[in-house]
Amino acid sequence: LNAVIYLLDHFSPLYLTGWYLNHRTPEFYQFVTSAFCHANAQHLSSNMFPLLVFGKLVEEELGASGLLVCYILCAILSNIASIIFLPSYSLGLGASGVVFGFFVIAIGTRISLRNFSWRSTVEALIFGQYVFEKLKMEVAITASGGIAGVNHAAHLGGAAAGLAIVFALRVVLAVLEKSESSSTPRVR
């Protein structure tokens, strides 16, 4: 979908700049649509690769509908961070906030103390080390003033969104497990 929207935006008469997040006068739909738009081919490819890798991991744990819900939530929350921390003359576009959210969700959903699995543990360690380094680098770059044209607020907002989603999933699962165990009749 990102590639199709990129082609429509850059190579057709349908200029989709109205889908970009306009920080001065944001429209509600731009909090989602901007996460499907990209400035150029390099921007698109630098988001598509981690979306493919980490999106697949998220989909394995949460299914296709869970992947879509996470994409939309990470887009909205990372764009809210962008609106809060960037100047009003900014335009936001790209899926990097979603990418950072997927980084955290992919690792957070693989870590389980109840259902231990060597495969999930090894994946969490390998991908987790990569994610930790990306987050550490992002914090360092942001603390030093950032890189012009890169939405560091959206990156960190996306990671925070991913963390919130993992936490919410853990709470919901704990409540469901507790209600299931209390409604199951005991055998004597």
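A disulfide is a covalent bond between the sulfur atoms of two cysteines, and here one is counted when a pair of cysteine sulfur atoms lies within 2.5 Å. By this rule the structure has zero disulfides. Cys37 is likewise in no disulfide, and its nearest cysteine sulfur, that of Cys74, is 17 Å away.

This is a predicted model, in which local features need pLDDT of at least 70 and side-chain atom pairs count only at pLDDT 80 or more, while totals for chains, interfaces and linings use all residues. Residues are numbered from 1 along each chain as its sequence is written, and side-chain values use heavy atoms, with hydrogens and water left out.

The table gives relative accessibility, where buried means under 20% relative accessible area, exposed means over 50%, and partly exposed lies in between (1.4 Å probe, protein chains only).

| Residue | Relative accessibility | Class |
|---|---|---|
| Cys37 | 1% | buried |
| Cys74 | 0% | buried |
| Tyr6 | 11% | buried |
| Phe11 | 62% | exposed |
| Phe54 | 3% | buried |
| Tyr130 | 37% | partly exposed |

Rings of Phe, Tyr and Trp (its six-membered ring) pair if their centres lie within 6.5 Å, and planes under 30 degrees apart count as stacked, over 60 as edge-to-face and the rest as tilted. A search of the whole structure finds nine aromatic pairs. Among them is the edge-to-face pair of Tyr6 and Phe11, at 6.1 Å centre to centre and with 75° between the planes. The rings of Phe54 and Tyr130 are stacked, because their centres are 5.9 Å apart and their planes stand at 20°. Since Phe54 belongs to helix H3 and Tyr130 to helix H5, this pair ties together parts that are 76 residues apart in sequence; helices here are DSSP runs (H or I, at least four residues) and strands are runs of E (at least two), numbered from the N terminus. Phe54 and Tyr130 also belong to one aromatic cluster with Phe100, Phe103 and Phe127.

A pocket is an open set of points on a 1 Å grid over the protein atoms alone, where a 1.4 Å probe fits, with protein on both sides within 12 Å along at least five of seven lines; its lining residues have an atom within 4 Å of a point. The largest pocket holds about 840 Å³ of space, and of its 40 lining residues the closest to its centre are Ser96, Gly149, Val150, Asn151 and His155. Helix H3 gives the largest share of the lining, eight residues.

Terms used:
Grid points are joined across faces, edges and corners, and a volume is the space filled by probe spheres set on the points.
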